Structures are given as structure tokens and as C-alpha cells.
Amino acid sequence: GLAFLFVGIVEFVLAALTFMFVSDGPPGKPREGRSWLTIAREAWGTDILRERSFLLMFAVRLFFLMGTGAFVNLSLLYIERVFGMGGFERSAWQMGAVVTVVAGIVLAALPAARYSDRVGRKRVVWAAIAVAAVGTVVIAAAPEPPVALVGAFFFGAGGGMYLAVDWALMTDIIPLASGGRYMGIANIANSISGPLALMIAGPIMDAFTRAGQIEMGPRVAVGVGVIALAVAAVLLVGVHPKRDPRQGGPVPPAANAGP
């Protein structure tokens, strides 16, 4: 109970600070007498299908979070079935894994964000995908728990790099006048990535369990995440930002012509 109360207090304080100190920025589109229901329906207008880069970036986010979501959601079964840990030993490893992942996120996020201002967002996202893939492979193939923790560090670093640049790249793609609408739709990828990852990884793990290879089930289920990460990397080729942080303004048409 105290844990939930603490989370609630933190959320309340953050909401209050946001309300008091964060500016709304430029004014939104005028309502022009339309009802709130009409405005809500406009969020799902088919005009969004013309924003090809946004749709591809939505898919990039979905597949990246699916690729990392397998381990995030199966970590308990992973440590139980792969290394046979239980009780206090399992809890201690989980705490160590959380600390290791967070350390990777913290150490990678800020440098990645700053570096993306110089080399462009897409290159950093590709690097994030590669680092996360390395971490995923190491976790899936780890012979001992300490090796898995090394993989967890790279796993966290890749996630930190991606999260630091993902939203920035999205703002370079979407029409800024409708930023709220596009950001809201983009968040759907965050919500469905975990369940979709489990819909794929779960049956894979079950199949190995039924075959008597209980240890291999979580390894393969986590390792399959690399395929989703590879799909994200390929889809990113077709994303063409409208604004470039290195130029401080719109991207020239010629620069957007190729991948």
C-alpha cells in the first residue's frame, strides 16, 4: 500500500509542477465553433495516411518496443527457467538487473541526445537499435547470470539512446500545428507493443516447454526480439524528417529525396 501511495504522490507532484511551470507554447488551432465530439473525431481523420514518414516512424517505435518488450515482460520466467533461480536469489538478481538496465539508460541517454543534434536523429536511432540488439543477444545466450547482466547493461543503453531521440525525431516529422494529435496517436505504439510482444514470445516459449526444453524457451523468446529490432531498422530508412536540428530549420527538398 505504501508503495502505491508513494507513486501517487510522485505523480501528483509532477503534475502540479507541470501545470505551474511548463508553458503551453504556441496557441493551438482555433475551435471555430465545432463541438468537442467533432474535434475528437477529427483525430482519426484519414488525412494522416498522407504523412508517410509519420506512419513509418510509428511502426519503427512499435517494432523497437516489441523487440525490447519480450525481455521486459518475461524477465521473471527467464531467470527462473534459464538459471533455476528462486526465492531470495531470484529477487536479488532482478534488483541487480533493474539497477544495471537503469545505469545503461542514464549513461547513454544524454550523450545520445546531444550527439543527435550533430549527426541527425536517424543515425542515433540506428545505433540505439544495434546496441539494444547486442544486449538482447547476450541476454538470450548468456551461460551465467553475470553475463546476462552485461547484456542487460547494453539492453538499457540501447533503450536509453532510443527514448532520448525518439520523441525528438517525431517532432521533426509531424506537422507542428497538430502536434498533440500526432503525439497522441504515436503513443498507441507504446501501449500495444508489450501485448503484441507477448503474443509472439509467449507461444514460442510454450512450444519449447511442451517439447521438454524449458531452459531454451525464454532464451528463444527473448532472442526473437532481435528480429523486431531489425524490422525497425529497415523501416527507419523510409523516414524523412521535415526539420533538421543540424540546419536549424526545414530540410531542403533535395535532402529528403533519398533514404
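1. Arg181 lies over the face of Tyr182, at 5.5 Å from the ring centre. A second case is Arg61, whose charged end sits over the ring of Trp167, 3.9 Å from its centre. A charge sits over a ring if NZ of Lys or CZ of Arg is within 6 Å of the ring centre and within 35 degrees of the ring normal.

2. The model is predicted: local features need pLDDT of at least 70, side-chain atom pairs count only at pLDDT 80 or more, and totals for chains, interfaces and linings use all residues. Residues are numbered from 1 along each chain as its sequence is written, and side-chain values use heavy atoms, with hydrogens and water left out.

3. On confidence, the protein chain has a mean pLDDT of 88 (pLDDT is the predictor's confidence in each residue, from 0 to 100), and 94% of its residues reach 70 or more. Over residues 253–259 the pLDDT is below 50. Beyond near neighbours in sequence, that stretch has 8 contacts in the model, a contact being heavy atoms within 4.5 Å.

4. The protein chain has 9 helices and 2 strands, in the order α-α-α-α-α-α-α-α-α-β-β along the sequence. Helices (H or I, at least four residues) and strands (E, at least two) are DSSP runs, numbered from the N terminus. The C-alpha atoms fill a box of roughly 60 × 50 × 35 Å, taken along the principal axes. Of the 259 residues, 39% count as buried; buried means under 20% relative accessible area, exposed over 50%, partly exposed in between (1.4 Å probe, protein chains only). Among contacts between residues at least 6 apart in sequence, 76% join residues at least 24 apart.

5. Helix H3 has 32 residues and reaches 45 Å from its first C-alpha to its last, close to the 46 Å expected (1.5 Å times one less than its number of residues). H3 also has a kink of about 70°, centred on Leu74; the bend at a residue is the angle between axes fitted to the seven residues ending there and the seven starting there. Of the 32 residues of H3, 23 are buried. Gly84 follows H3 and has a positive phi, near 65°.

6. The structure holds 7 aromatic pairs. Rings of Phe, Tyr and Trp (its six-membered ring) pair if their centres lie within 6.5 Å; planes under 30 degrees apart count as stacked, over 60 as edge-to-face and the rest as tilted. Phe64 and Tyr162 are stacked, because their ring centres are 4.0 Å apart and their planes at 15°. Phe64 lies in H3 (residues 52–83) and Tyr162 in H6 (residues 145–171), so this pair ties together parts 98 residues apart in sequence. Both Phe64 and Tyr162 are buried.

7. Phe71 and Phe155 are edge-to-face, because their ring centres are 5.3 Å apart and their planes at 75°. With Phe71 in H3 and Phe155 in H6, the pair ties together parts 84 residues apart in sequence.

8. Which residues does Ile139 touch, not counting residues up to four places away in sequence? They are Phe71, Tyr78, Ala148, Gly151, Ala152, Phe155, Arg219 and Val222. Ile139 lies in helix H5 (residues 121–141) and counts as buried, at 0% relative accessibility. Ile139 and Phe155 are 16 residues apart in sequence and 8.6 Å apart in space, C-alpha to C-alpha.
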